[in-house]
Amino acid sequence: FLNNQMITSTDGYYHFDLAMAHNYTVEPSRNDNPLNGITTYDLILLGQHLLEINLLDSPYKMIAADVNESESITALDLIQLRRLILHIDDEFPSGKSWTFVDAAYVFPNPTNPFATTFPTNYNINNLTTSEIIDFIGVKLGDLNASANPSLLQAGDTRSSNGSLKIKLDDQVLKAGQVYDLAFKSNDFKDVAGFQFTLGFMTDYLEVVDYETSELRNMSADNFGLTKANQGKITVSWNETQAVTMSDDATLFQIRFTALETVQLSEVLAISSSVTANEAYQADLLKEVVLDFGKTIDEHKEFVLLQNQPNPFSQQTIIGFQLPEATDATLTIFDVAGRAVWTQTKFYETGIHQVMIDKSDLGATGVFYYQLSTGQHTASRKMIVLN
(Lines give C-alpha, C1' and ligand atoms only; values in the text may rest on other atoms or scores of the structure.)
Protein backbone atom coordinates (compact mmCIF):
# COMPACT_ATOMS: atom_id res chain seq x y z
CA PHE A 1 0.00 0.00 0.00
CA LEU A 2 1.48 3.34 -1.11
CA ASN A 3 0.17 6.79 -0.17
CA ASN A 4 2.15 9.57 -1.81
CA GLN A 5 1.11 13.21 -1.48
CA MET A 6 2.35 16.28 -3.29
CA ILE A 7 1.56 19.98 -2.93
CA THR A 8 1.59 21.64 -6.35
CA SER A 9 3.21 24.99 -7.05
CA THR A 10 1.09 27.94 -8.20
CA ASP A 11 1.04 26.59 -11.76
CA GLY A 12 -0.85 23.51 -10.57
CA TYR A 13 1.62 20.93 -11.90
CA TYR A 14 2.54 17.77 -10.02
CA HIS A 15 4.83 14.79 -10.64
CA PHE A 16 5.13 11.32 -9.11
CA ASP A 17 7.85 8.72 -9.70
CA LEU A 18 6.05 5.39 -9.39
CA ALA A 19 6.96 1.72 -9.78
CA MET A 20 5.63 0.05 -12.92
CA ALA A 21 3.10 -2.80 -13.03
CA HIS A 22 1.08 -1.51 -10.07
CA ASN A 23 -2.37 -0.01 -9.70
CA TYR A 24 -2.73 3.63 -8.61
CA THR A 25 -5.41 6.21 -7.91
CA VAL A 26 -4.66 9.91 -8.33
CA GLU A 27 -7.02 12.11 -6.30
CA PRO A 28 -6.56 15.91 -5.97
CA SER A 29 -7.97 17.91 -3.06
CA ARG A 30 -7.89 21.48 -1.79
CA ASN A 31 -9.72 22.72 1.26
CA ASP A 32 -8.32 26.18 2.07
CA ASN A 33 -10.01 29.60 2.12
CA PRO A 34 -13.65 28.66 1.38
CA LEU A 35 -14.57 32.32 0.67
CA ASN A 36 -12.12 32.58 -2.24
CA GLY A 37 -14.10 34.01 -5.18
CA ILE A 38 -17.42 34.13 -3.30
CA THR A 39 -19.62 37.22 -2.99
CA THR A 40 -23.31 38.03 -2.92
CA TYR A 41 -23.11 38.23 -6.73
CA ASP A 42 -22.84 34.42 -6.71
CA LEU A 43 -26.10 34.33 -4.73
CA ILE A 44 -27.76 36.39 -7.48
CA LEU A 45 -26.59 33.90 -10.12
CA LEU A 46 -27.69 30.94 -7.98
CA GLY A 47 -31.13 32.46 -7.36
CA GLN A 48 -31.62 33.17 -11.06
CA HIS A 49 -30.73 29.56 -11.85
CA LEU A 50 -33.18 28.18 -9.27
CA LEU A 51 -36.00 30.28 -10.73
CA GLU A 52 -34.89 29.43 -14.30
CA ILE A 53 -34.50 33.13 -15.11
CA ASN A 54 -30.91 32.68 -16.24
CA LEU A 55 -29.62 29.11 -16.11
CA LEU A 56 -25.99 28.34 -15.34
CA ASP A 57 -24.40 27.57 -18.69
CA SER A 58 -21.79 24.93 -17.87
CA PRO A 59 -21.69 21.71 -15.86
CA TYR A 60 -18.76 23.09 -13.84
CA LYS A 61 -20.78 26.11 -12.72
CA MET A 62 -23.57 23.76 -11.65
CA ILE A 63 -21.11 21.65 -9.67
CA ALA A 64 -19.87 24.87 -8.03
CA ALA A 65 -23.48 25.77 -7.13
CA ASP A 66 -24.00 22.46 -5.28
CA VAL A 67 -22.10 23.65 -2.21
CA ASN A 68 -23.56 20.99 0.10
CA GLU A 69 -22.71 18.28 -2.49
CA SER A 70 -26.20 16.78 -2.46
CA GLU A 71 -25.97 16.18 -6.24
CA SER A 72 -28.68 18.77 -6.80
CA ILE A 73 -28.98 22.55 -6.70
CA THR A 74 -31.54 23.74 -4.16
CA ALA A 75 -32.37 26.66 -1.89
CA LEU A 76 -30.29 24.90 0.80
CA ASP A 77 -27.18 25.66 -1.24
CA LEU A 78 -28.16 29.35 -1.33
CA ILE A 79 -28.66 29.38 2.44
CA GLN A 80 -25.30 27.73 3.09
CA LEU A 81 -23.55 30.13 0.73
CA ARG A 82 -25.03 33.20 2.43
CA ARG A 83 -24.11 31.90 5.89
CA LEU A 84 -20.49 31.66 4.68
CA ILE A 85 -20.54 35.21 3.25
CA LEU A 86 -21.94 36.48 6.56
CA HIS A 87 -19.22 34.57 8.50
CA ILE A 88 -21.90 32.69 10.44
CA ASP A 89 -20.22 29.52 9.18
CA ASP A 90 -16.47 29.19 8.60
CA GLU A 91 -16.66 26.41 6.02
CA PHE A 92 -19.05 24.42 3.84
CA PRO A 93 -20.86 21.42 5.38
CA SER A 94 -18.52 18.99 3.61
CA GLY A 95 -15.42 20.81 4.87
CA LYS A 96 -14.26 21.10 1.25
CA SER A 97 -13.68 24.32 -0.65
CA TRP A 98 -12.73 22.84 -4.05
CA THR A 99 -13.72 19.76 -5.99
CA PHE A 100 -11.94 18.33 -9.02
CA VAL A 101 -13.17 16.68 -12.21
CA ASP A 102 -11.12 14.56 -14.61
CA ALA A 103 -10.51 16.98 -17.51
CA ALA A 104 -10.99 14.20 -20.07
CA TYR A 105 -14.49 13.40 -18.82
CA VAL A 106 -17.34 14.27 -21.18
CA PHE A 107 -20.66 14.89 -19.42
CA PRO A 108 -23.39 12.81 -21.09
CA ASN A 109 -25.91 15.50 -20.11
CA PRO A 110 -24.14 18.88 -19.73
CA THR A 111 -27.36 20.49 -18.46
CA ASN A 112 -27.40 18.07 -15.50
CA PRO A 113 -23.91 16.98 -14.43
CA PHE A 114 -25.44 15.06 -11.49
CA ALA A 115 -27.32 12.63 -13.77
CA THR A 116 -24.22 10.43 -13.77
CA THR A 117 -21.30 10.13 -11.37
CA PHE A 118 -18.48 12.32 -12.66
CA PRO A 119 -14.91 11.19 -11.85
CA THR A 120 -13.13 13.18 -9.14
CA ASN A 121 -10.07 10.92 -9.31
CA TYR A 122 -8.18 8.88 -11.92
CA ASN A 123 -7.47 5.15 -11.71
CA ILE A 124 -4.39 3.57 -13.29
CA ASN A 125 -4.45 -0.20 -13.67
CA ASN A 126 -1.08 -1.92 -14.20
CA LEU A 127 1.06 1.16 -14.89
CA THR A 128 3.24 0.48 -17.94
CA THR A 129 4.21 3.92 -19.24
CA SER A 130 4.31 7.58 -18.26
CA GLU A 131 0.88 9.17 -18.06
CA ILE A 132 -0.30 12.79 -18.03
CA ILE A 133 -3.47 13.37 -16.02
CA ASP A 134 -5.34 16.67 -15.98
CA PHE A 135 -8.08 17.81 -13.63
CA ILE A 136 -10.37 20.83 -13.72
CA GLY A 137 -10.58 22.53 -10.34
CA VAL A 138 -14.04 23.80 -9.35
CA LYS A 139 -14.22 26.32 -6.50
CA LEU A 140 -17.41 25.53 -4.60
CA GLY A 141 -19.77 28.52 -4.45
CA ASP A 142 -17.91 30.52 -7.12
CA LEU A 143 -20.42 30.72 -9.97
CA ASN A 144 -18.68 33.42 -12.01
CA ALA A 145 -15.15 31.98 -11.84
CA SER A 146 -13.72 34.92 -9.87
CA ALA A 147 -11.65 32.75 -7.51
CA ASN A 148 -7.91 33.31 -7.70
CA PRO A 149 -6.17 29.94 -7.21
CA SER A 150 -2.75 31.57 -6.64
CA LEU A 151 -3.42 34.65 -4.53
CA LEU A 152 -6.34 33.20 -2.55
CA GLN A 153 -8.32 36.43 -2.90
CA ALA A 154 -12.06 36.49 -2.28
CA GLY A 155 -14.44 38.80 -4.05
CA ASP A 156 -15.43 40.03 -7.45
CA THR A 157 -12.59 40.62 -9.90
CA ARG A 158 -14.23 43.65 -11.56
CA SER A 159 -13.10 47.15 -10.59
CA SER A 160 -15.49 49.35 -8.63
CA ASN A 161 -17.53 51.83 -10.66
CA GLY A 162 -19.21 54.46 -8.52
CA SER A 163 -21.07 54.21 -5.23
CA LEU A 164 -24.45 53.23 -3.82
CA LYS A 165 -25.43 55.56 -1.00
CA ILE A 166 -27.38 54.44 2.06
CA LYS A 167 -28.68 57.36 4.11
CA LEU A 168 -28.70 57.48 7.89
CA ASP A 169 -29.81 60.53 9.87
CA ASP A 170 -26.96 61.80 12.01
CA GLN A 171 -27.88 62.53 15.63
CA VAL A 172 -26.54 62.76 19.16
CA LEU A 173 -27.08 59.48 20.97
CA LYS A 174 -27.67 59.74 24.71
CA ALA A 175 -26.19 57.22 27.11
CA GLY A 176 -28.63 54.46 28.12
CA GLN A 177 -31.14 55.19 25.34
CA VAL A 178 -32.26 52.62 22.74
CA TYR A 179 -32.33 53.71 19.08
CA ASP A 180 -33.90 52.11 16.02
CA LEU A 181 -31.55 53.25 13.27
CA ALA A 182 -33.24 53.35 9.86
CA PHE A 183 -30.88 52.87 6.91
CA LYS A 184 -32.66 54.51 3.97
CA SER A 185 -32.50 54.40 0.20
CA ASN A 186 -31.01 57.12 -1.99
CA ASP A 187 -31.17 56.70 -5.77
CA PHE A 188 -31.72 52.99 -5.18
CA LYS A 189 -32.43 51.94 -8.77
CA ASP A 190 -31.87 48.58 -10.47
CA VAL A 191 -30.00 47.12 -7.50
CA ALA A 192 -29.65 43.34 -7.53
CA GLY A 193 -27.70 42.98 -4.28
CA PHE A 194 -25.18 44.33 -1.82
CA GLN A 195 -22.88 43.17 0.94
CA PHE A 196 -20.64 44.91 3.45
CA THR A 197 -19.45 45.05 7.04
CA LEU A 198 -21.22 47.53 9.30
CA GLY A 199 -18.69 48.56 11.92
CA PHE A 200 -19.58 50.20 15.23
CA MET A 201 -17.52 51.19 18.24
CA THR A 202 -18.24 48.82 21.07
CA ASP A 203 -17.31 51.41 23.70
CA TYR A 204 -20.24 53.53 22.54
CA LEU A 205 -22.81 51.22 20.92
CA GLU A 206 -24.26 47.80 21.64
CA VAL A 207 -26.29 46.06 18.95
CA VAL A 208 -29.67 44.71 20.09
CA ASP A 209 -31.11 43.09 16.95
CA TYR A 210 -32.30 43.48 13.38
CA GLU A 211 -35.74 45.08 13.45
CA THR A 212 -37.52 45.46 10.10
CA SER A 213 -37.19 46.34 6.41
CA GLU A 214 -39.15 47.62 3.44
CA LEU A 215 -36.70 45.89 1.10
CA ARG A 216 -38.09 42.70 -0.44
CA ASN A 217 -36.54 39.47 0.88
CA MET A 218 -34.55 41.30 3.55
CA SER A 219 -34.81 39.63 6.96
CA ALA A 220 -32.72 38.70 9.98
CA ASP A 221 -31.17 35.95 7.81
CA ASN A 222 -29.35 38.66 5.83
CA PHE A 223 -27.33 39.74 8.88
CA GLY A 224 -24.48 38.05 10.68
CA LEU A 225 -24.00 38.94 14.34
CA THR A 226 -21.32 36.39 15.22
CA LYS A 227 -18.70 39.17 15.40
CA ALA A 228 -20.93 41.78 17.05
CA ASN A 229 -18.78 41.64 20.19
CA GLN A 230 -15.95 42.95 17.98
CA GLY A 231 -18.16 45.76 16.67
CA LYS A 232 -18.84 44.17 13.28
CA ILE A 233 -22.17 43.23 11.66
CA THR A 234 -22.02 41.41 8.32
CA VAL A 235 -24.74 42.17 5.75
CA SER A 236 -25.67 40.36 2.52
CA TRP A 237 -28.84 40.90 0.48
CA ASN A 238 -29.81 40.02 -3.09
CA GLU A 239 -32.77 39.57 -5.40
CA THR A 240 -33.03 37.46 -8.55
CA GLN A 241 -34.24 40.54 -10.43
CA ALA A 242 -33.02 44.09 -9.79
CA VAL A 243 -35.05 46.21 -7.37
CA THR A 244 -35.89 49.93 -7.37
CA MET A 245 -36.91 51.68 -4.13
CA SER A 246 -38.31 55.16 -3.64
CA ASP A 247 -35.99 57.65 -1.94
CA ASP A 248 -36.08 57.53 1.86
CA ALA A 249 -37.60 54.03 1.96
CA THR A 250 -36.20 52.07 4.92
CA LEU A 251 -33.89 49.44 3.47
CA PHE A 252 -33.39 47.95 6.93
CA GLN A 253 -33.52 48.94 10.56
CA ILE A 254 -31.21 47.88 13.38
CA ARG A 255 -31.73 48.55 17.10
CA PHE A 256 -28.76 49.77 19.13
CA THR A 257 -28.27 50.82 22.73
CA ALA A 258 -26.05 53.85 23.32
CA LEU A 259 -23.51 53.13 26.06
CA GLU A 260 -22.13 56.69 26.06
CA THR A 261 -23.38 60.02 24.78
CA VAL A 262 -21.86 60.44 21.32
CA GLN A 263 -22.45 61.70 17.76
CA LEU A 264 -23.70 58.76 15.66
CA SER A 265 -21.49 59.54 12.63
CA GLU A 266 -18.40 59.25 14.82
CA VAL A 267 -19.04 55.65 15.89
CA LEU A 268 -20.59 53.90 12.86
CA ALA A 269 -19.09 53.15 9.43
CA ILE A 270 -19.31 50.76 6.48
CA SER A 271 -16.17 48.81 5.56
CA SER A 272 -14.82 45.58 4.06
CA SER A 273 -13.17 44.37 7.25
CA VAL A 274 -15.10 41.06 7.36
CA THR A 275 -17.53 40.86 4.44
CA ALA A 276 -16.27 42.87 1.44
CA ASN A 277 -18.08 46.10 0.57
CA GLU A 278 -19.83 45.59 -2.79
CA ALA A 279 -23.11 46.53 -4.50
CA TYR A 280 -24.45 45.29 -7.84
CA GLN A 281 -26.40 48.02 -9.64
CA ALA A 282 -27.35 48.07 -13.31
CA ASP A 283 -24.66 45.48 -14.13
CA LEU A 284 -21.99 47.59 -12.41
CA LEU A 285 -19.93 46.76 -9.34
CA LYS A 286 -20.17 49.64 -6.84
CA GLU A 287 -19.11 50.55 -3.32
CA VAL A 288 -21.68 51.07 -0.56
CA VAL A 289 -21.29 54.46 1.14
CA LEU A 290 -22.99 55.50 4.39
CA ASP A 291 -24.32 59.05 3.93
CA PHE A 292 -24.98 61.00 7.13
CA GLY A 293 -25.95 64.11 5.15
CA LYS A 294 -22.88 65.97 6.38
CA THR A 295 -20.76 68.30 4.30
CA ILE A 296 -17.32 69.61 5.17
CA ASP A 297 -16.79 72.20 2.45
CA GLU A 298 -19.18 73.12 -0.31
CA HIS A 299 -16.22 73.60 -2.66
CA LYS A 300 -15.20 69.96 -2.10
CA GLU A 301 -11.67 70.54 -0.86
CA PHE A 302 -9.19 67.81 0.09
CA VAL A 303 -9.61 67.36 3.85
CA LEU A 304 -8.20 64.77 6.28
CA LEU A 305 -10.14 64.84 9.55
CA GLN A 306 -8.94 64.07 13.05
CA ASN A 307 -9.81 60.50 13.93
CA GLN A 308 -12.78 60.05 16.26
CA PRO A 309 -12.51 59.24 19.08
CA ASN A 310 -8.93 60.24 19.88
CA PRO A 311 -7.34 58.87 22.01
CA PHE A 312 -9.02 55.46 21.56
CA SER A 313 -8.75 52.05 23.19
CA GLN A 314 -10.66 49.75 20.81
CA GLN A 315 -11.72 51.37 17.52
CA THR A 316 -11.57 54.73 15.80
CA ILE A 317 -12.89 56.25 12.56
CA ILE A 318 -10.73 58.26 10.16
CA GLY A 319 -12.79 60.57 7.97
CA PHE A 320 -11.70 62.46 4.87
CA GLN A 321 -13.11 64.38 1.91
CA LEU A 322 -11.92 64.13 -1.69
CA PRO A 323 -12.50 66.86 -4.30
CA GLU A 324 -12.55 64.35 -7.16
CA ALA A 325 -12.85 60.61 -7.73
CA THR A 326 -9.41 59.07 -7.35
CA ASP A 327 -7.25 56.31 -5.90
CA ALA A 328 -6.29 57.20 -2.34
CA THR A 329 -3.81 55.53 0.02
CA LEU A 330 -4.29 55.67 3.78
CA THR A 331 -1.19 54.66 5.75
CA ILE A 332 -0.59 54.48 9.50
CA PHE A 333 2.97 54.85 10.81
CA ASP A 334 4.47 54.24 14.24
CA VAL A 335 6.75 56.86 15.84
CA ALA A 336 9.79 55.25 14.18
CA GLY A 337 8.23 55.91 10.76
CA ARG A 338 7.44 52.26 10.00
CA ALA A 339 4.20 51.64 8.11
CA VAL A 340 2.05 49.33 10.27
CA TRP A 341 -1.19 49.50 8.24
CA THR A 342 -2.01 50.63 4.71
CA GLN A 343 -4.94 50.54 2.31
CA THR A 344 -5.29 51.79 -1.28
CA LYS A 345 -8.75 52.09 -2.83
CA PHE A 346 -10.64 54.01 -5.47
CA TYR A 347 -12.99 56.55 -3.90
CA GLU A 348 -15.71 58.74 -5.35
CA THR A 349 -15.85 62.50 -4.77
CA GLY A 350 -17.05 63.39 -1.27
CA ILE A 351 -16.81 62.22 2.33
CA HIS A 352 -15.51 58.78 3.30
CA GLN A 353 -14.80 56.90 6.52
CA VAL A 354 -12.36 54.13 7.41
CA MET A 355 -12.73 52.25 10.69
CA ILE A 356 -9.50 51.16 12.36
CA ASP A 357 -9.28 48.48 15.06
CA LYS A 358 -6.61 48.60 17.74
CA SER A 359 -5.66 45.07 16.63
CA ASP A 360 -4.75 46.48 13.17
CA LEU A 361 -1.88 48.41 14.74
CA GLY A 362 -0.42 45.76 17.03
CA ALA A 363 0.65 48.20 19.75
CA THR A 364 -0.34 51.21 21.84
CA GLY A 365 1.07 54.71 21.93
CA VAL A 366 1.43 57.50 19.37
CA PHE A 367 0.82 56.87 15.67
CA TYR A 368 0.62 59.07 12.58
CA TYR A 369 -1.79 58.54 9.70
CA GLN A 370 -1.35 59.90 6.19
CA LEU A 371 -3.77 60.18 3.25
CA SER A 372 -2.23 60.47 -0.21
CA THR A 373 -3.62 60.86 -3.71
CA GLY A 374 -1.90 61.82 -6.94
CA GLN A 375 -2.55 65.48 -6.12
CA HIS A 376 -2.71 65.80 -2.33
CA THR A 377 -1.16 64.54 0.90
CA ALA A 378 -2.10 65.21 4.52
CA SER A 379 -1.25 63.63 7.87
CA ARG A 380 -2.40 63.74 11.49
CA LYS A 381 -1.48 62.19 14.84
CA MET A 382 -3.53 59.74 16.88
CA ILE A 383 -3.09 58.00 20.24
CA VAL A 384 -3.91 54.39 21.09
CA LEU A 385 -4.52 53.57 24.76
CA ASN A 386 -4.26 50.29 26.63
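**Entry 1: ground rules**

I am working with a predicted model, where local features need pLDDT of at least 70, side-chain atom pairs count only at pLDDT 80 or more, and totals for chains, interfaces and linings use all residues. Residues are numbered from 1 along each chain as its sequence is written, and side-chain values use heavy atoms, with hydrogens and water left out.

**Entry 2: salt bridges**

How many salt bridges does the count come to? I took a salt bridge as a side-chain nitrogen of Lys or Arg within 4 Å of a carboxyl oxygen of Asp or Glu. By this rule I get 13 salt bridges.

I looked up Asp89 with Arg83 and found their side chains in a salt bridge, at 2.9 Å from N to O. For burial I use under 20% relative accessible area for buried, over 50% for exposed, and partly exposed in between (1.4 Å probe, protein chains only). Asp89 counts as buried because its relative accessibility is 19%, while Arg83, at 32%, is partly exposed.

I then turned to Glu239, whose side chain meets that of Arg216 in a salt bridge of 2.8 Å, N to O. This pair links distant parts of the chain, 23 residues apart: Glu239 sits in strand β11, and Arg216 in the loop between β9 (205-212) and β10 (223-224). My strands (E, at least two residues) and helices (H or I, at least four) are DSSP runs, numbered from the N terminus. Glu239 is buried at 6% relative accessibility, whereas Arg216 is partly exposed at 47%.

I also noted a network of salt bridges that links Asp180, Glu211 and Arg255.

**Entry 3: Lys167 and its strand**

Lys167 forms a salt bridge with Asp248, with the closest N and O atoms 2.6 Å apart. Lys167 lies in strand β5 (residues 163-167) and Asp248 in the loop between β11 (232-243) and β12 (250-258), so the pair ties together parts that are 81 residues apart in sequence. Both ends are partly exposed: Lys167 has a relative accessible area of 23%, and Asp248 has 44%.

Next I checked pairing, which needs at least two DSSP bridges between two strands. β5 runs parallel to β16 (residues 284-291) over 5 bridges, and Lys167 has Asp291 as its bridge partner there. With β7 (residues 178-185), β5 pairs in the antiparallel sense over 2 bridges, and Ile166 stands opposite Ser185.
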